[in-house]
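Here is a friendly note to read alongside the structure. Please keep the 3D view open and follow the points in order.

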Amino acid sequence: MRRLNRKKTLNLMKELDAFPKVPESYVEASASGGTVSLIAFTTIAFLTIMEFTVYRETWMKYEYEVDKDFTSKLRINIDITVAMRCQYVGADVLDLAETMVASADGLIYEPVVFDLSPQQKEWQRMLQLIQSRLQEEHSLQDVIFKSAFKGASTALPPREDNSLQSPDACRIHGHLYVNKVAGNFHITVGKAIPHPRGHAHLAALVSHESYNFSHRIDHLSFGELIPGIINPLDGTEKIASDHNQMFQYFITVVPTKLHTYKISAETHQFSVTERERVINHAAGSHGVSGIFMKYDISSLMVTVTEEHMPFWQFLVRLCGIIGGIFSTTGILHGFGKFVAEVIFCRFRLGSYKSTSVPLPDGHTSNHLPLITDNSTH
């Protein structure tokens with residue numbers, strides 16, 4: 001009974017076979033079929049390698065939502081060099097929400113030489129080249145996101161040459177925390193002094209001839225400091241053409257959550273527009289000489305996630321490639337063989353010309369002669 005059940009089961013499975021096997025004695029191999037098979041296998045191998053390359057690649061997915069976090073503090077990372085002595089300049093932040101000066105105790109004033117060394121100039125030149133490429137090819141930003149924490153730091157390398165020149169500039173670097181509202185970070189003449197109606201700078205003791213707000217922004221970012229991320233103003237250098245000159249940067253900060261296979265961080269991206277003008281009250285150009293960075297916080301938050309093709313999707317695409325190429329090459333080979341046979345048959349039929357055969361009654365026959373084996377003798 002068990003053997004009968006097994007035979008019935010095997011017979012049932014044979015009937016359900018959707019891939020019938022053809023005996024090898026019924027299969028005819030040809031040179032054209034071998035050539036097409038070789039082309040098919042080569043194409044499959046090439047496309048499989050390309051598909052595996054695509055499978056290994058990752059891409060960045062951007063999602064947008066409303067930022068509901070208004071209570072946390074915003075960190076500003078600053079590294080700016082101004083072509084004036086440290087005792088002549090002061091930096092602070094005006095919080096527009098509370099109309100008061102935020103504490104800038106986290107900033108360090110370091111006397112330095114404004115001119116860069118050859119190594120530092122090469123670093124600045126490369127950074128400016130990357131900035132120009134980022135403006136043309138936005139997809140490079142995804143590469144920077146994925147390579148965060150992998151590459152070297154984007155900070156200005158230290159000076160290696162022993163310059164005997166006395167410090168003629170002031171490097172203001174460090175970080176400070178402000179409320180997540182619009183504000184104004186500025187560097188102008190004189191140290192900031194407390195004032196009941198706002199804020200003021202003690203600039204009366206500084207002569208106008210010593211004003212020089214030529215500056216270099218080595219780094220400016222918002223949020224968590226992530227090595228390897230290049231920000232829009234990194235490497236910017238401005239040379240003042242007049243003593244009383246104002247440089248303005250209008251910045252829109254976008255909260256960003258970055259999730260890659262290497263890091264997970266909360267940072268901020270920003271876009272910036274620039275403007276500079278000479279202060280001339282007689283000509284109607286009013287204002288204060290200095291460097292002003294007016295920033296505003298976007299209400300939208302961007303979540304950037306690095307994604308990868310699932311393995312099952314890779315298998316489906318691979319099966320589609322193999323099956324599609326086999327089916328397509330089989331159809332093309334059959335069609336080409338059919339066309340070749342039609343052309344060859346017509347050529348062979350055209351090689352026989354009609355001949356006249358005399359009959360005994362004096363008539364002639366125009367039919368083709370019957371070709372037999374004896375007719376060849």
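1. Start with the aromatic cluster made up of Phe52, Tyr55, Phe311 and Phe314. Please bear in mind that this is a predicted model. A search of the whole structure turns up nine aromatic pairs. One of them joins Tyr55 to Phe311, edge-to-face, with 6.2 Å from centre to centre and 70° between the planes. Tyr55 belongs to helix H2 (residues 31-56) and Phe311 to helix H5 (residues 311-350), so this pair ties together parts that lie 256 residues apart in sequence.

2. Are the two partners buried or exposed? Tyr55 counts as buried, at 16% relative accessibility, because the cut-off for buried is under 20%. Phe311 has a relative accessible area of 48% and is partly exposed. A further pair is formed by Tyr211 and Phe213: their ring centres are 6.4 Å apart and their planes stand at 65°, so this pair is edge-to-face too. Tyr211 and Phe213 are both buried.

3. Now take a look along helix H2 itself. Which residues of H2 are buried? They are Gly33, Ala40, Ile44, Glu51 and Tyr55. In an α-helix there are 3.6 residues a turn, so residues three or four places apart point the same way.

4. Thr53 is also part of H2. With a relative accessible area of 40%, Thr53 is partly exposed. Where does its side chain reach? The side chain of Thr53 comes to 2.9 Å from the backbone oxygen of Ile49.

5. Next comes the largest nonpolar core, which has 35 residues. Those touching the most other members are Phe185, Ile187, Ile251, Met293 and Tyr295. At least two residues of this core come from each of strands S2 (73-82), S3 (89-95), S6 (169-179), S7 (183-189), S10 (215-223), S12 (245-259) and S14 (290-297). S2 gives the largest share, five residues. In soluble globular proteins, nonpolar side chains tend to be buried together.

6. Setting aside residues up to four places away in sequence, Tyr295 touches Ile76, Val93, Val178, Val181, Ala182, Gly183, Asn184, Phe185, Phe222, Ile251 and Val253. Another core, of 14 residues, lies apart from the largest one, and its members include Ile226, Ile229, Val302 and Val304.

7. Please look at a polar residue as well. Asp92 sits in strand S3 and is buried, with a relative accessible area of 2%. What does its side chain contact? The side chains of Asp92 and His186 make a polar contact at 2.7 Å.

8. Two more places deserve a visit. Gln120, in helix H3 (residues 118-136), counts as buried at 5% relative accessibility. Beyond its neighbours within four places in sequence, Gln120 is in contact with Leu156, Pro157, Pro158 and Arg159. Finally, Arg216 has its charged end over the ring of Phe114, at 5.1 Å from the ring centre.

Definitions and conventions
Residues numbered from 1 in each chain as written. Predicted model: local features only at pLDDT ≥ 70, side-chain atom pairs only at ≥ 80, totals over all residues. Heavy atoms only, no water. Phe/Tyr/Trp six-rings, centres within 6.5 Å; stacked < 30°, edge-to-face > 60°. Helix = DSSP H or I, 4+ residues; strand = E, 2+ residues; numbered from the N terminus. Buried < 20%, exposed > 50% of the residue type's maximum accessible area, 1.4 Å probe, protein only. Lys NZ or Arg CZ within 6 Å of the ring centre and 35° of its normal. Polar contact = N/O pair within 3.5 Å; in protein donor to acceptor, adjacent residues only side chain to side chain. Core = buried A, V, L, I, M, F, W, Y, C linked by side-chain atoms within 4.5 Å. Contact = heavy atoms within 4.5 Å.
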